[in-house]
Amino acid sequence: MISVAGLLAFGFKKLAETSKFQLFGTLATQAKTSEKVIALTYDDGPNPPYTSQLLAVLNRFQVKATFFVIGQQVESHGETAQQIQAQGHELGNHSYSHRPLIMTPKRTLAHEIGRTDRLLQRLGVETPIHFRAPFGYKRIRLPLMLSQLKKTHVLWNVDPRDYEATDSHVVVTHVLEHVRPGAIVLLHDGGGDRSLTIEATAQLIPKLQAQGYRFKTVSELLALQP
Ligand SMILES: [Zn+2]
């Protein structure tokens with residue numbers, strides 16, 4: 001028989017893994033605004049040559065986006081990270097090694113966050129640097145540490161699952177169907193060949209612009225909230 005405590009623990013685990021709830025600190029999955037503005041976010045890079053190709057697309061449409069980068073990738077591809085920064089996009093911290101940060105000792109958590117923060121600061125990124133947990137996993141220890149560091153935990157409310165899509169059209173359609181004012185869209189420039197995401201981005205931007213949407217970095221988007 002399942003105990004009440006067991007049931008509660010299971011319920012909390014499920015709750016902690018949904019994107020909209022967090023026990024401590026500030027969690028952002030969207031901005032509360034009626035303005036037609038959204039943030040495109042790209043995870044798991046920098047990842048040449050795809051990140052640079054994506055930057056060229058964003059540049060063509062004069063759109064600023066937010067890149068949640070992995071510290072190890074920044075160490076390996078510093079020039080690409082620098083390019084993101086130099087072109088005026090926002091850089092966020094997506095941990096150092098992209099391991100799931102659940103049941104993680106405090107020291108390891110501090111290292112995962114701190115080492116990537118230091119790499120980004122060396123590139124000239126100003127604090128506070130937003131954080132996004134790998135896989136969006138957050139239970140108790142991570143949110144507590146983020147709140148102590150006064151970091152906003154940024155997740156998303158539109159996930160077209162570009163990492164498993166086989167057709168850019170599916171990604172574009174999902175975003176167009178789910179987008180609303182203040183949305184934060186999850187995409188990936190890291191994790192192998194990201195041509196599909198680049199293609200989807202190039203199709204999406206003009207379609208969203210035609211609907212009256214403008215694009216902001218996550219910080220700019222969150223600053224619109226009262
Ligand atoms: Zn990730």
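Because the model is predicted, local features need pLDDT of at least 70 and side-chain atom pairs count only at pLDDT 80 or more, while totals for chains, interfaces and linings use all residues.

**Helix pair.** I looked up how helix α2 (residues 50–60) and helix α4 (residues 78–86) pack, and found an angle of about 15° with the axes 10 Å apart. Axes here are lines fitted to C-alpha atoms, for helices over the stretch in contact, and angles run from 0 to 180 degrees between N-to-C directions; helices are DSSP runs (H or I, at least four residues), as are strands (E, at least two), numbered from the N terminus. The contact, which I took as C-beta atoms, placed from the backbone, within 7 Å, is made by T51, S52 and L55 of α2 and T80, Q83 and I84 of α4.

**Cis peptide bonds.** I found that the peptide bond from G45 to P46 is cis, with omega near -5°, and that P46 sits in the loop between β2 (37–43) and α2. The bond from T127 to P128 is also cis, with omega near 0°, and P128 belongs to the loop between α5 (106–122) and α6 (141–148). I kept in mind that most peptide bonds are trans.

**Positive phi.** I noted that K150, in the loop between α6 and β5 (152–154), has a phi near 55°, a positive value in a residue other than glycine. R161, in the loop between β5 and α7 (168–178), has a positive phi near 50°.

Notes
Residues numbered from 1 in each chain as written. Contact = placed C-beta atoms within 7 Å.
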